[in-house]
Amino acid sequence: MELTFWGLAIPFAGTTLGAACVFFMKRKMNDTVQRALLGFAAGVMIAASVWSLLIPAMEMSEPLGRLAFLPALTGLVLGVAFLFLLDRVTPHLHAMAQSPEGPQSKVNKISRTMMLVFAVTLHNIPEGMAVGVVFASFLSGGTEITATEALALSLGIAIQNFPEGAIISMPLRAEGNGKLRSFMYGTLSGAVEPVAALVTILLTSLVLPFLPYLLAFAAGAMIYVVVEELLPEASRDEKTDVCTLGFALGFALMMVLDVALG
């Protein structure tokens with residue numbers, strides 16, 4: 001249970017640490033550091049999607065023979081579709097964070113920031129479910145998912161959450177809010193992740209029959225976040241070197257952890 005606690009707490013800690021940037025930075029996170037972190041998180045999450053989610057989903061479906069790919073394919077498509085629809089009703093995180101303010105009123109600024117808080121919070125729900133599904137699979141003891149793979153997934157999501165916490169707290173501070181209040185808003189946006197993960201784990205007995213679909217669903221959701229949010233933000237303005245190096249490092253690290261400690 002201690003391992004599960006840390007697995008659920010690590011992503012939330014990433015958001016909290018990102019929100020804490022408001023106490024140390026005057027304006028925003030260093031651009032190079034942010035690109036490197038986003039690239040690293042993207043590499044970890046893509047590798048985790050393959051080795052910790054899609055491959056185990058297909059291994060669980062081996063009794064289907066040549067159709068063993070079907071649950072993984074179905075879950076992957078549904079995961080991508082879910083995030084696609086979610087993005088239609090919520091703003092893109094990088095677009096809102098960088099949108100020029102112009103001659104807006106204070107009310108409009110608050111509205112824009114609250115929408116950003118809402119968007120980040122909503123995006124964190126499927127990420128929390130992904131952590132919950134992986135740990136539910138690990139705790140069931142009947143799958144190939146190891147503790148290392150589950151914790152690596154949590155770490156990758158935590159790294160992604162770090163800049164998200166800063167994306168919320170820093171604009172709030174710039175609009176005249178106190179540092180503590182800005183920090184609290186940034187932190188609370190990530191509180192939904194451990195809640196979603198815990199609910200998923202508590203429903204383990206119900207989700208086990210659908211575990212291959214749910215693992216692939218989590219993979220599809222994470223792949224969508226990487227392609228739609230992380231990589232565009234990390235490689236904007238054609239400055240791709242730091243992002244590429246971060247991605248390669250994250251992917252390689254996850255690969256080594258999976259093979260050496262899996």
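**Figure 1. Welcome to the whole chain.** Of the 262 residues in the protein chain, 48% count as buried (buried is under 20% relative accessible area, exposed is over 50% and partly exposed lies in between, using a 1.4 Å probe and protein chains only). The model is a predicted one, in which local features need pLDDT of at least 70 and side-chain atom pairs count only at pLDDT 80 or more, while totals for chains, interfaces and linings use all residues. Residues are numbered from 1 along each chain as its sequence is written, and side-chain values use heavy atoms, with hydrogens and water left out. The protein chain has 11 helices and 0 strands (these are DSSP runs numbered from the N terminus, H or I of at least four residues for helices and E of at least two for strands). Along the sequence the pattern reads α-α-α-α-α-α-α-α-α-α-α. Among contacts between residues at least 6 apart in sequence, 85% join residues at least 24 apart (contact means heavy atoms within 4.5 Å).

**Figure 2. Helix α1 beside helix α6.** Two packed helices are described by the angle between their axes and the distance between the axes. Helix α1 (residues 2–19) and helix α6 (residues 147–174) pack at about 20°, with their axes 5 Å apart (axes are lines fitted to C-alpha atoms, for helices over the stretch in contact, and angles run from 0 to 180 degrees between N-to-C directions). The two helices are therefore roughly parallel to each other (angles under 35 degrees are roughly parallel, over 145 roughly antiparallel, 65 to 115 roughly perpendicular and the rest oblique). The residues of the contact of α1 with α6 divide into 12 nonpolar, 8 polar and no charged (Ala, Val, Leu, Ile, Met, Phe, Trp, Tyr, Cys and Pro count as nonpolar, Asp, Glu, Lys and Arg as charged, and the others, Gly among them, as polar).

**Figure 3. A serine in α6.** Zoom in on Ser-154, which is found in helix α6. Ser-154 is buried, with a relative accessible area of 0%. Setting aside neighbours within four places in sequence, Ser-154 is in contact with Gly-7, Ile-10, Pro-11, Val-131 and Phe-135.

**Figure 4. Helix α6 meets helix α7.** The axes of α6 and helix α7 (residues 179–188) come within 8 Å and cross at roughly 150°. That makes α6 roughly antiparallel to α7. This crossing of α6 and α7 is right-handed. From α6, the contact takes in Gly-165, Ile-168, Ser-169, Leu-172 and Arg-173, and from α7, Lys-179, Ser-182, Phe-183, Tyr-185 and Gly-186. By class, the contact of α6 with α7 has 4 nonpolar, 4 polar and 2 charged residues.

**Figure 5. Helix α2 against helix α10.** Helix α2 (residues 31–60) and helix α10 (residues 211–234) have axes that come within 9 Å and cross at roughly 160°. That makes α2 roughly antiparallel to α10. Here α2 passes α10 in a left-handed crossing. The contact of α2 with α10 has 22 nonpolar, 3 polar and 2 charged residues.

Figure 6. Val-80 lies in helix α3 (residues 69–89) and, at 31% relative accessibility, counts as partly exposed. Leaving aside neighbours within four places in sequence, Val-80 is in contact with Gly-220, Ala-221 and Tyr-224.

Figure 7. Ser-137, in helix α5 (residues 106–140), is buried at 0% relative accessible area. Ser-137 and Leu-208 are 71 residues apart in sequence and 7.5 Å apart in space, C-alpha to C-alpha. Leu-198 sits in helix α8 (residues 192–202) and is partly exposed, with a relative accessible area of 42%. The C-alpha atoms of Leu-198 and Phe-135, 63 residues apart along the chain, are separated by 9.5 Å. Cys-21 is buried, with a relative accessible area of 5%, and Cys-243 counts as buried at 5% relative accessibility. The count of disulfides comes to 0 (a disulfide is a pair of cysteine sulfur atoms within 2.5 Å).

Conventions
Left-handed = near helix turned anticlockwise from the far one by under 90°.
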